[in-house]
Amino acid sequence: MHFGRCIAALVALPLFAQAANKSKFVDLADRSKDGIIVLNSALYEEILAPDVATPDGAKGRDYAVAVVLTALPAQMNCAPCRTFDPIFHAEAANWKRLPKDQRDDMFFAVLDFSDGQAVFQKLGLQTAPNLQFHSATVGPHKPSNRQLSVNYDFSKHGFELVNLHNWIRSLAPHAYEIYKPFNPIPYVVAPMVIAFTIAMGLLSYQYLAPLFTSRAFWGIASIVAILVFTSGHMWNRIRSAPYASPQGFIAPGFSNQFVLETQVVGGLYGLLAASVLILSELVPSIKSSAKQRMAILLWTGVLVFLFSVLVRLFKVKNGGMSYLNPPTAL
Amino acid sequence: MSVAYPIPHVSKQTIKNTSALLKFTILGVISAAAIASRLFAVVRHESIIHEFRATKVLAKDGFYEFWNWFDPTAWYPLGRVVGGTVYPGLMVTSGIIYNVLHWLNFPVDIRNVCVMLAPAFAGLTAIATYLFTCEMADESTGLLAAAFMGIVPGYISRSVAGSYDNEAIAIFLLMYTFYLWIRAVKEGSAFWGMLAAVFYGWMVAAWGGYVFITNMIPLHAFVLVLMGRFSHKIYISYSSWYVIGTLASMQVPFVGFLPVRTSEHMAALGVFGLLQLVAFVETVRKLVPGKQFQLLLRAFVIAAFAIALAVLVALTSSGFIAPWTGRFYSLWDTGYAKIHIPIIASVSEHQPTAWPSFFFDLEMLIFLFPAGVYLCFKELRDEHVFIIIYAVLSSYFAGVMVRLMLVITPVVCVTAAMAFSKLLTTYMDPTVPEIDDDAAPVTGDLAVEVEATANKAKGKKPASVDKKVGVVASLKRGIYSLDTRLVVITPLVGALIMFVYHCTWVTSNAYSSPSVVLASRGADGSQHIIDDFREAYYWLRQNTKQDAVVMSWWDYGYQIAGMADRPTLVDNNTWNNTHIATVGKAMSSNEAVAYPILRKHDVDYILVIFGGLLGYSGDDINKFLWMVRISQGVWPEEIQESNYFTNRGEYKVDAQASQTMKDSLMYKMSYYRFAELFGGGQAMDRVRNQVIPNTPIQLDTIEEAFTSENWIVRIYQVKKEDDLGRDLPAVSAFEAGQRLKKSKSAKTTNKKR
């Protein structure tokens, strides 16, 4: 039943398209709250390749289109799509604040997978969301020195409104800004939070002071910090490394890593350091020679075993490592 | 008996003398090993050095000539005032060594001084590390730390023979300044503080990383004050260091007034002020008793501190004091550089450090490091606080930037030596505890004998009263049997041997081929030397005019200047972003746009690095996006990064590559006639594993001049304007025998008829 209706729409489309022009999309954009046009496969083709000539007489679109190919329904299970949706709406709303004559030079549109499987198939898209920017092909806003159609790189620019805005604005026919309504919260809440913190600090001073003057607190904090940093935590932060992959927890390549991998390495470092310290600090204090022998055997075993695990892990990362095969001297 | 193994009876004087001799010998051997392990590169290849023209000027014409030297061949056509735009410490140091050697009638060449400078200073660094560690722990720990420092790859990476770089001397200066500072704090003497300041001044002259010291020392003093450990020793040493050190640092023209006008240096100033206040209050407190008065004083200190902070903030926001410069700011806000200063983010040394790099550069030291920091916490004398701060800060910095592995390496060596030496002494100490719960207690009065053996084992002077107490206490703890001693010591010795193997392997494999000579290994283990860079630079030197301007990406600027001796547009001293962006624009634009840029800058030759044939991944196509980004930063309307990607957002060089990419000068120069090599087969780019289309690439405004053996370096000559006034594309079309289209040149010829 549903399928049949789709066919009907497709058949009806060419006739309909003849009558359509830019004003139809202007209408659609005006009617929606954020200025976003909800497309289907047919409308997608139409908005990109209008059949009607522009007022100048040239054939093509004299407006730009930013269109998201997404998969919002819950059964599609596309978390990034749902993350991106409100951001894109906010960006579209920014554009809608422009005066009418400028606003109509660019449209924001959304094509959901459920409405536009044909388009997804045609473009060979396996993933969502995809944000395409199609510049005007005719008219004053046609860009002179860049490609007419560009894709947003999610891995590079990410899901932040500022980055999205900067990207679209660099392509858009008119400059526009992010609309920030006056936000009273920082002016009210921030002083309250500061006052609260100071009050709490003063009240709990006598309880916190021993903590902040204790050697153990700073010692643990410093050593944990060192372990975290030397096991590559900052790399994970900066490169936003994945936690692990289905293939295993070790990332291939010397300068690549997973979060789990660094946690394992950090744990190894910690255990190794601990066994060194136990051997040199605790074991000599054992008052019984038999117990001491057991402890020494145990912790030396731990030290040797963990060190060999670490070297093994490093060998996996750095293939072809072999100390006993030094390069031939010339 | 109470010793685990017999100890020969030797007189105390002999032990003292022998240990002094041993210490001296061991330290000498360590320095020699530190120097020797850095000579792989020179032994295996020859001594290759890129850029030491400034030092040559200094050696030949003297100090003032160097100071005023204007280098017209770099940054063509701008030129560069070298004296005012470099840290002169390196050149001055090698100049002094050169002059001293000549004064002693050793006729060395300045080139050899430069090549050997880094290994020589590495030997000195080992000694400085020894001195520094001796302040933290005992002398055997110091020797171990010196040995670690001498051969650890994390330091070798920047100090092999021929790497004539600021870091070559900077790490020695860093360690020595820290040593002098610790001495100053311990002694509370203005003399040591002044010495620390002098070496700090030398450090400022040598390396931009001096800011680390500028903040480390105040932080140490500040933490000591917070811990309630303020003393006149700290006051004297800090004040003398700060005043003399700041004045010394301001003598360097490149630094100038920065120490009083930038945020990086404000911590030092703030702590200086704070110490004055605290010292004042302490003095008054001693003279005037009375609780209320002390309360008043405390309020006064806090108020003065708050006011000073407010003034500082006001000055910063009004612009008198410059905020953190981008380079340092990007260490805290790690995303900053990528967006705002792409030229910094583009350098591979400025990438964050993955864990294999830590292990690669430090091996077992990396897990001994936290153990050593724990030992510092256990003792926590003033100097241990310094080590702890240094350890935490530098592990953060090393995690953010690969390059700063260099800064963490000394502290890792020191603390690892502390942990390792503690373990070794515990298990090598022959004394056996008296009380054993499992056995009947040893009877008899052994105290004297035990004391003597304990002293012998440590090789120290006769025990003082304090030491006696320590020895008696230590009798209660210790290791009982010989076999458990061996169980621990054997793997430790094994680990040390493995460490040496690791260092040798890393040094010889990773850090010992000069960046211009590539060594690859065949399947049978045979070695191939790929010497394309030098081949190309010598070609330039011998086949081009002396004043022919060579354009290349900035990475190769120093090499071209040093080895080909030709003027360059941009080089590794990246002081002018716009000029670099201009080169980036020329590389990333099409020929029609690029040609006027090339002609306006008098470019005669363009040099590109292409690794597609050999699989050399550090080539220009891989760096190309940074060229695009940097020029986009200056010309956002003309160059857009997105244009260089395919519609699906991929960076491709095959048939699907975007048109802008295919038209760019860089693409054309890299793949010009590349497909012909494969004789109709698939032209495979081995770096990117993509097939290059067979359609011949047409070059109108430039022509191929030279391509090296393995195609790594390709040099193109820029054509001059046509003698007949035609467009260059029209000329090449005419020569190809095509009919003239209705172009401008066609019209003019018609008119002339």
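**Close-up views of chain B in a predicted model**

**View 1. Strands S9 and S10 of chain B form a hairpin in this predicted model.** B:Phe706 stands opposite B:Ile715 in S10(B), and this pair belongs to the pairing of strand S9 (residues 702-707) with S10(B), in which five bridges join two antiparallel strands. Five residues lie between the strands of the hairpin, where B:Trp711 takes a positive phi near 65°.

**View 2. Strand S10 of chain B is also joined to strand S6.** Strand S6 (residues 603-609) of chain B runs antiparallel to S10(B), and five bridges join them; B:Tyr605 has B:Gln717 of S10(B) as its bridge partner. Why can S10(B) be called largely enclosed by the rest of the structure? The reason is that five of the six residues of this strand, which spans residues 713-718, are buried. In a regular strand, the side chains alternate between the two faces of the sheet.

**View 3. Helices H23 and H26 of chain B pass each other in a left-handed crossing.** Two packed helices are described by the angle between their axes and the distance between the axes. Here the axes of H23(B) and H26(B) come within 9 Å and cross at roughly 145°. On the H23(B) side the contact is made by B:Leu423, B:Leu424, B:Tyr427 and B:Met428, and on the H26(B) side by B:Arg485, B:Val488, B:Ile489 and B:Leu492. Sorted by class, this contact has seven nonpolar residues, no polar residues and one charged residue.

**View 4. Chain B meets chain A through residues that include parts of several helices.** In the predicted complex, to which the predictor gives an ipTM of 0.85 and a pTM of 0.81, 63 residues of chain B are in contact with 61 residues of chain A. The elements that give two or more residues to this side of chain B are helices H20 (355-362), H21 (365-379), H22 (382-400), H23 (405-428) and H26 (482-510), and H26(B) gives the most, with ten residues. The residues on the side of chain B that touches chain A divide into 35 nonpolar, 20 polar and eight charged.

**View 5. Two stretches of chain B have pLDDT under 50, residues 457-469 and residues 744-753.** The mean pLDDT of chain B is 86, and 92% of its residues reach 70 or more. For residues 457-469 the model has 13 contacts beyond four places in sequence, while for residues 744-753 it has six such contacts. Where pLDDT is low, the predicted coordinates should not be read in detail.

Key
Residues numbered from 1 in each chain as written. Chains lettered and ligands numbered in written order. Predicted model: local features only at pLDDT ≥ 70, side-chain atom pairs only at ≥ 80, totals over all residues. Contact = placed C-beta atoms within 7 Å. Helix = DSSP H or I, 4+ residues; strand = E, 2+ residues; numbered from the N terminus. Nonpolar A, V, L, I, M, F, W, Y, C, P; charged D, E, K, R; others polar. pLDDT = per-residue confidence, 0-100. Axes fitted to C-alpha atoms, helices over the stretch in contact; angles between N-to-C directions. Left-handed = near helix turned anticlockwise from the far one by under 90°. Buried ≥ 20, exposed ≤ 12 C-beta atoms within 10 Å, placed from the backbone. Pairing = 2+ DSSP bridges.
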